[in-house]
Structure formats: C-alpha cells, structure tokens
Amino acid sequence: MTSTDHATRALHAADRGTAVMRRRSARHGATVRLSVSELRLMVRDPVTLIFVVAFPVVGMLIIGSSFGTEADEVFPVDPTQWYVASYFTTVIGAIGLVMLPVHIASYRERGVLRRFAVAGFPRWSFALAELIVGMCALVVGGVLVLAAAAPVFGVPAVADPIRVIAASVAGCIAFISIGVVLGTLVPRARSAQALGLMLFFPSFLLGAGGPPPRAMGDILADISQWMPLSLVTQAVRGPWLGLETSGTALALIVLMAVAASALAAWRAIL
C-alpha cells in the first residue's frame, strides 16, 4: 500500500469523524431548542400554573395553619413544619401526574410529536426535554412553596441536605418518567387530565398533603406507606426534619426512577 493510499484512507476517516461530530452537534442543538420551547409553553400553560405553582402554596397555607405549632401524638414535630416539607413533594406529584400527561397527550392529539420527528428531532430528545422542563418546574414550584412559608411558618432547617436533595431528584425523575408514560398511553388531553386528577388526589391526600399516618385508620395508613408519592414524601420529609427514617424509601424511589425512566425512554421512541 502506497503512502497515497494511506493518506486517502486517513482523509476518509477524518471526514467520517467530522460528519459524526456534526450530527451529534445538530442533535444537541435540537434538544436545546426543544427544551427552550417546552419551557416557554410550560409558563403559558394554566394547568401548570394551577397545579404546580398555586395549588401547593394555597394548600400549605390553609392546612398548615389548622393544627397549631406543637408536636403531639399525631404530629412528631411542629405541624407547620411537617406540612412545609410535605407540600414541597406535592409539587413533584403535580408535575408527574397532572402537568406532563396532559401536555404530552395534547401533543399526540394534535400530531405535534409526528411533526417533531419530521423536523429531524431525535425521538429521545423529547423525553430529555420533558425531564429538563420537569426539573425546572420542581425548582420554581418548590421555591415558591418555601417563599410563601417563610414569612408565615418559617422554613424548617434541613437536617440532612444530601439525602433530601437525593430523594428530591430521584423522586422528580421517577414522576417525570411516569408522566411521560401516561402521556404517551392516553390518546387525548381530556382523558389524560381526568386520569391524572384521579391519580393525583388520592396520592396527594394519602401521600403528602393529607393527615399524618398516625391519624389514619390502620388500612389507610398501610396503603399510604407504599404509595409512590408517599415514598417520595417520606424520603424527603424524614431527613429534612431530622426524623428517624430508614433508607428503604429512598432505595425504592431510586429503583422506581430507574424502571420508570427505562419505560419512558422506550415509549418515547415508539
């Protein structure tokens, strides 16, 4: 083989490498553009504004003011602090069970997802964009809950910030993935809204914003301990308020996040 042949092969390899890099850059750029577009739509969506922003804040202020400020046999800590930590996780449930299913189902109903594919967006980029949007919604909704609580109840000090952050991120990933799956399974936005609300309110009442497990009957208390949103709330509220908790809830959330993410990625490429 001559030196010319070697040079030709080297040029072809360089061209292929350049083409691969261009395709990767184009995909990354498409994902960024899609994420920015989805963030804009999120801000304009009334469902988002109500269930991710307004509902947790209003619910926390009403319920948190109803039980005084003294720990007792029902509340192991100050009830106001209990509900501040609990309503932070309500934002996660609202994102995964109400916001995303309705948003994605409306896209399917109007054929937007097919247009994304025709426009050259990788199918996985949509799932990644929804993950980014969901994380941003958690930050905005969570900050507003804490900002509303600060002048009224005060924000409880975080006893174990690493575990709180880990549980919040894992829980958000799990519920965002659940929302993507629900949105890709339900054909219409109204159906997704009905299904999402039907799943959200029992999860909310038994898992985050309702009475503590000690105030429930035995059957409801047993059910509430194993609901997905309850697991997220336990994993966040326990280390936040310095309550004695095992790592079981966090481990289950991580497993749930992995399984739901795999299912959401599979649904996104169908």
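Guide: What follows is a set of questions and answers about this predicted model.

Visitor: Let us begin with the whole chain. Which elements, helices or strands, are in the protein chain?

Guide: The protein chain has ten helices and zero strands. Read from the N terminus on, its elements run α-α-α-α-α-α-α-α-α-α.

Visitor: How much of the protein chain is buried?

Guide: Buried residues account for 45% of the 270 residues. The chain exposes about 13500 Å², and carbon and sulfur atoms supply 67% of that area.

Visitor: What share of the contacts joins residues at least 24 apart in sequence?

Guide: Taking contacts between residues at least 6 apart in sequence, 80% join residues at least 24 apart.

Visitor: Now to single residues. Why is Glu130 called buried?

Guide: Buried means under 20% relative accessible area. Glu130 has 0%, so Glu130 is buried. Glu130 lies in helix 5. Leaving aside neighbours within four places in sequence, Glu130 is in contact with Glu38, Leu100, His103, Ile104, Ile176 and Val180.

Visitor: Where is Leu144, and what makes Leu144 partly exposed?

Guide: Leu144 is also in helix 5, which spans residues 123–152. Partly exposed covers the range between the buried limit of 20% and the exposed limit of 50%. Leu144 has a relative accessible area of 33%, so Leu144 is partly exposed.

Visitor: Which residues does Leu144 touch, not counting those up to four places away in sequence?

Guide: Leu144 touches Val53 and Val57. Val57 is 87 residues from Leu144 along the chain, yet their C-alpha atoms are separated by 7.1 Å.

Visitor: How do you know whether Ser224 is buried or exposed?

Guide: The cut-off for buried is under 20%. Ser224 has 2% relative accessibility, and therefore counts as buried. Ser224 sits in helix 8, residues 218–225. Beyond its neighbours within four places in sequence, Ser224 is in contact with Leu206, Met216, Ser230 and Gln234.

Visitor: Let us turn to pairs of helices. Why are helix 3 and helix 7 called roughly antiparallel?

Guide: Helix 3 (residues 79–110) and helix 7 (residues 189–207) pack at an angle of about 165°, with their axes 8 Å apart. Angles over 145 degrees count as roughly antiparallel. Helix 3 and helix 7 are therefore roughly antiparallel to each other. Their crossing is right-handed.

Visitor: Which residues of helix 3 and helix 7 meet?

Guide: From helix 3, the residues include Tyr87, Leu97, Pro101 and Glu109, and from helix 7 they include Gln193, Leu197, Phe200 and Phe204. By class, the residues of this contact divide into 13 nonpolar, six polar and one charged.

Visitor: Which residues of helix 3 and helix 9 meet?

Guide: Among them are Trp82, Phe88 and Ile92 in helix 3, and Val232, Arg237 and Trp240 in helix 9. The contact of helix 3 with helix 9 has nine nonpolar, five polar and one charged residues.

Terms used: Residues are numbered from 1 along each chain as its sequence is written. This is a predicted model: local features need pLDDT of at least 70, side-chain atom pairs count only at pLDDT 80 or more; totals for chains, interfaces and linings use all residues. Side-chain values use heavy atoms; hydrogens and water are left out. Helices (H or I, at least four residues) and strands (E, at least two) are DSSP runs, numbered from the N terminus. Buried means under 20% relative accessible area, exposed over 50%, partly exposed in between (1.4 Å probe, protein chains only). Contact means heavy atoms within 4.5 Å. Axes are lines fitted to C-alpha atoms, for helices over the stretch in contact, and angles run from 0 to 180 degrees between N-to-C directions. Angles under 35 degrees count as roughly parallel, over 145 as roughly antiparallel, 65 to 115 as roughly perpendicular and the rest as oblique. A crossing is left-handed if the near helix is turned anticlockwise from the far one by less than a right angle, and right-handed if clockwise. Ala, Val, Leu, Ile, Met, Phe, Trp, Tyr, Cys and Pro count as nonpolar, Asp, Glu, Lys and Arg as charged, and the others, Gly among them, as polar. Accessible areas come from the Shrake-Rupley method with a 1.4 Å probe; for residues, only the protein chains shown count as cover.
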